[in-house]
Amino acid sequence: MAAAAELSARGIPVTVFEASAVLGGRARAVSIVKAGKRTTVDNGQHLLIGAYRETQRLMRLVGADPGQLLARLPLALNFPGEISIRAPRLPAPLHLAAALLGARGLNLSEKFAAIRFMRRLKKDRFQAQQDDTVAALLERHGQPARLCKFIWEPLCLAALNTPADAASAEVFVTVLQDSLGGATGASDLLLPRADLGALFPDVAARYVEGAGGRVLKNEAIRHIAQASGGGFMLRSAATDHGRYAQLILAVAPYHLAALIAELPGLDELGRQVAKLTWEPIVTCYLAYPPTVRLASAMQGHADGLVQWLFDRGQLGGPAGLFAAVISAHGRHQALSQEQLAARIHEEIAAVTPGLPAPLWSQVISEKRATFACVPGLDRPAAATAVPGLFLAGDYVASDYPATLESAVRSGVNAAKCAARRAAAFANRAA
Ligand SMILES: Cc1cc2nc3c(=O)[nH]c(=O)nc-3n(C[C@H](O)[C@H](O)[C@H](O)COP(=O)(O)OP(=O)(O)OC[C@H]3O[C@@H](n4cnc5c(N)ncnc54)[C@H](O)[C@@H]3O)c2cc1C
C-alpha cells in the first residue's frame, strides 16, 4: 500500500491485488467474536517509534493523521518492581543521558556503563562487525547483566524479533543510532490508538482509489508471465487480469517463490529468499473488567513468558483489554493456546495486585512474523533481473530489521524505481 500510495501521489495509475479480504498483511486488523460481541483487535500488537519517519510521512500523505492515530509517549521502559526509565523532554542526546542517570533500579556503575556504551557506538559511527551477534557486542562492551536483561535484550527482541545471542549486531546498532542516538523525538514510542487497518492500509486504499487506482481484495495472483510486447500478464484463480506495464511484488518472501517461478533469470533471487529463516510473534489479548488498568500504557516483563504488556484501554481501545506480546521463539511454543493464556494471566497477576480473572482471552500466533535478523543476511535488492519487476517488503535490502518502517521505505523505493522507468519510457516516446 505504501508503493501504491507513492505512485498515486506521482499521478501514476495503479492496481493493487490483495489475496486477503483485509488489507495490511502482517499488520492487519482482525475481527473476533467474544462474549457474544464482535470486537476488532490486531493480528499483533504493534509499536512504532519516532524514527519511523517514512511511515509517518506516508500516513500524512494518505490522510491518516499520526497525531490522532498514534499516542506519542517519551521513551519509557518500566519493569514493575525492577527498573523504570523515562526520557525527559530534552534535546538529544541529553534526553538519553538524563533518562539513564535518572533511571530507578540501576546502580551508578550500570548507568555509566550504558552511557559509555552509547558514546562508544557513536564514536564508532554506529558500525558493528558484520558477523557479530548482539550478545557478543554487549559482552565486548562490558555491559552488566542487569543492563542486558532490562534494556539491551528487550530492545533487541522488540526491534529485531530475534534473541540477542542470534541477532545481528550491525542491524541492532543502526536501530540504536536511529532511535536512542537520533534526534529529539526519534526514540518516542508511538502506540496505535486505532486498529491497524485504520492506521494506514484502509486509508491508503481510499487515497489510491481517489487518485483513479483500484484496490482489489480477495484477489490472489496465481500466475505471472512476461507479455510479448513488454510488461506482465497477471492471472488469479478466476480472472485473467490482462497486461500491466510494470509490477511491484509486495508479498512476504515465503510467497515470492511461487510467483516468480515462470519468470526468467530469477533463480538466484529464489535461492536468496529461501535462505531466510523465520521468527514467530505471539499476542495474547486478555479482557478484564473495565475498571482494571495498568500503571502505564506499556510495561516490560523480564522473568516469564510475557515480554511486553499493553493496556489497550489507555490507547483508545476498550477499557480493561490488555495485549501481552511474546517475540521470537521460546519455551512458550510448547504450550496450547489455553495454557498460554492461563500462564500469561498468572504472570500479569503477579505484578498487578487484586487482578480478577479475565472475561475472555484470545491468542494470535504469527508463526512467520518476521525473518530472523541474524548476522550477514543477504537481502535482495528492489530491482530484479527482469526489467520492470521490482520487490517491496520488509525483507528487501536495507539496514533496518523487519518492521513497518522497512516495509514502507521499501515500498516507496520500489515506487520510485517504477516511476523513473515510466518517465524514461515517456521521454523516449516523446
Ligand atoms: C505479530 C506481529 C507483530 C509485529 N510487531 C511489529 C511492531 O511492533 N513494529 C514494527 O515495526 N513491526 C512489527 N511487525 C512487523 C511488521 O508487521 C512487518 O514487518 C510488516 O507488516 C511487513 O510488511 P510487508 O508489506 O513487507 O509484508 P506483508 O505484511 O506480509 O504483506 C504482504 C501482502 O501480500 C499479500 N499477498 C501474498 N501473496 C499474494 C498473492 N499471490 N496475490 C496478492 N496478494 C498476495 C498478503 O496477503 C499480504 O497482504 C510485527 C509483525 C507481526 C506479525
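Which residue is the bridge partner of Arg-235 in β12? The partner is Asp-240. This model is predicted, and local features need pLDDT of at least 70, side-chain atom pairs count only at pLDDT 80 or more, and totals for chains, interfaces and linings use all residues. Residues are numbered from 1 along each chain as its sequence is written.

The opening pair belongs to two strands, β11 (residues 232-236) and β12 (residues 240-244), which are antiparallel and share four bridges. Strands (E, at least two residues) and helices (H or I, at least four residues) are DSSP runs, numbered from the N terminus. Two strands are said to pair if DSSP finds at least two bridges between them. Strands of a sheet pair through backbone hydrogen bonds, either parallel or antiparallel. Between β11 and β12 there are three residues, and the two strands form a hairpin.

A second hairpin is made by β2 and β3, with two residues between them. Here β2 (residues 29-34) and β3 (residues 37-42) pair in the antiparallel sense over six bridges. One of the bridges links Lys-34 to Lys-37 in β3. In the turn, Ala-35 has a positive phi of about 50°.

Strands also meet in an open sheet of three, in the order β4-β8-β5, with antiparallel pairing. Its edge strands are β4 (48-49) and β5 (70-73), each of which pairs on one side only. Strand β8 (residues 189-192) is joined to β4 by two bridges. Ile-49 has Leu-189 in β8 as its bridge partner.

Leu-70 is found in strand β5. Is Leu-70 buried or exposed? Leu-70 is buried because 26 other C-beta atoms lie within 10 Å. The cut-offs are as follows: a residue is buried if 20 or more other C-beta atoms lie within 10 Å of its own, exposed if 12 or fewer, and partly exposed in between, with C-beta atoms placed from the backbone. Leaving out residues up to four places away in sequence, Leu-70 touches Leu-48, Leu-190, Leu-191, Pro-192 and Arg-193. Touching, or contact, means that the C-beta atoms of two residues, placed from the backbone, lie within 7 Å. Ser-187 is 117 residues from Leu-70 along the chain, and their C-alpha atoms are separated by 14 Å.

Helix α8 (residues 169-178) has nine of its 10 residues buried, so it is largely enclosed by the rest of the structure. Among the buried residues of α8 are Glu-170, Phe-172 and Asp-178. The buried residues of α8 pack against α5 (108-123), α6 (134-140) and α7.

Helix α11 (residues 253-260) has Pro-253, Leu-256 and Ile-260 as its buried residues. Seen down the axis of α11, these fall within an arc of 25°, so they line one face of the helix. The arc is that of the directions from the helix axis to the C-beta atoms. The elements that cover them include β13 (247-249), α12 (267-274) and β18 (360-371).

A loop can also hold a buried residue: Pro-358 lies in the loop between α13 (337-351) and β18, and Pro-358 counts as buried because it has 22 C-beta neighbours inside 10 Å. Pro-358 and Ala-287 are 71 residues apart in sequence, yet 5.4 Å apart in space, C-alpha to C-alpha.

In soluble globular proteins, nonpolar side chains tend to be buried together. In this model the largest nonpolar core has 127 residues, and those with the most contacts inside it are Ala-3, Phe-172, Ala-204, Ala-324 and Ala-414. A nonpolar core is a set of buried Ala, Val, Leu, Ile, Met, Phe, Trp, Tyr and Cys residues joined through C-beta atoms within 7 Å.
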